[in-house]
Amino acid sequence: MKGFARREFQLVLLRRMADYQPDLVAEAMRSLGASRTEMREVNARWQRIVRSRTFPRGRGRYEAVLGPPLDTRRRRIGDVECEVAWWPPFSLWPDLRFEILVGPNGAVLHEWLVRDDEATAPEVKDVADLRPWSCVVGDLERCFDVVQHHPGEAPSRWHVTFTTSDRESYVAHFVWGLLQDVVSVG
């Protein structure tokens, strides 16, 4: 395998999603013309890049792989001013873009897929409309009044507890910001 670019980066994102949605991941891999072996090799290479002392850190790491960001903006989170950078949508998720949040010290604080400004968010009337890969975290926030965010057990994972209008509670599991499944909690 030579180089590391957008196609390979999509395989890195898929690797973590396979824990929740192996069938969707297999279909996505076929659309990229990739095998499981290639996905494992690409993921191993990404892990070496992440741990490398010589590969750029912060936003520079993503620029080396994905090219320059499509845009950047400043975002205030409490008392801290951060930079948000995002890249154009990937072929697997044409309505989403990859976004990173960079702290004042240049470290990447968060990274995930978000809905592109030009894309139409899915219509969600109830929990049955929350299908795997149909929503990002921001979509859920727009659809339900009461949401609570919880970091996942790995950096790529995020959980959102939400309550429906009929007072049912659920937990939505996200990987890289993309919905993987929804579980009733009572």
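Guide: Start at S156, which touches R16, F174, V175 and W176, leaving out residues up to four places away in sequence; contact means heavy atoms within 4.5 Å. This is a predicted model: local features need pLDDT of at least 70, side-chain atom pairs count only at pLDDT 80 or more, and totals for chains, interfaces and linings use all residues. Residues are numbered from 1 along each chain as its sequence is written, and side-chain values use heavy atoms, without hydrogens and water.

Visitor: Where does S156 lie?

Guide: In the loop between strand 5 (146–151) and strand 6 (157–163). Strands are DSSP runs of E, at least two residues, and helices are runs of H or I, at least four, numbered from the N terminus.

Visitor: Is S156 buried or exposed?

Guide: Buried, at 5% relative accessible area. Buried means under 20%, exposed over 50%, partly exposed in between (1.4 Å probe, protein chains only).

Visitor: And how many bridges join strand 5 to strand 6?

Guide: Six, and the two run antiparallel. Pairing takes at least two DSSP bridges. P151 stands opposite W158 in strand 6.

Visitor: What about strand 6 and strand 7?

Guide: Seven bridges, antiparallel again. They form a hairpin with five residues between them, and R167 in the turn has a positive phi of about 65°.

Visitor: New topic. What is the strand order in the open sheet of four strands?

Guide: 1-2-3-4, with antiparallel pairing. Strand 1 (71–77) and strand 4 (108–115) stand at the edges with a single partner strand each, so one side of each lacks a neighbour in the sheet.
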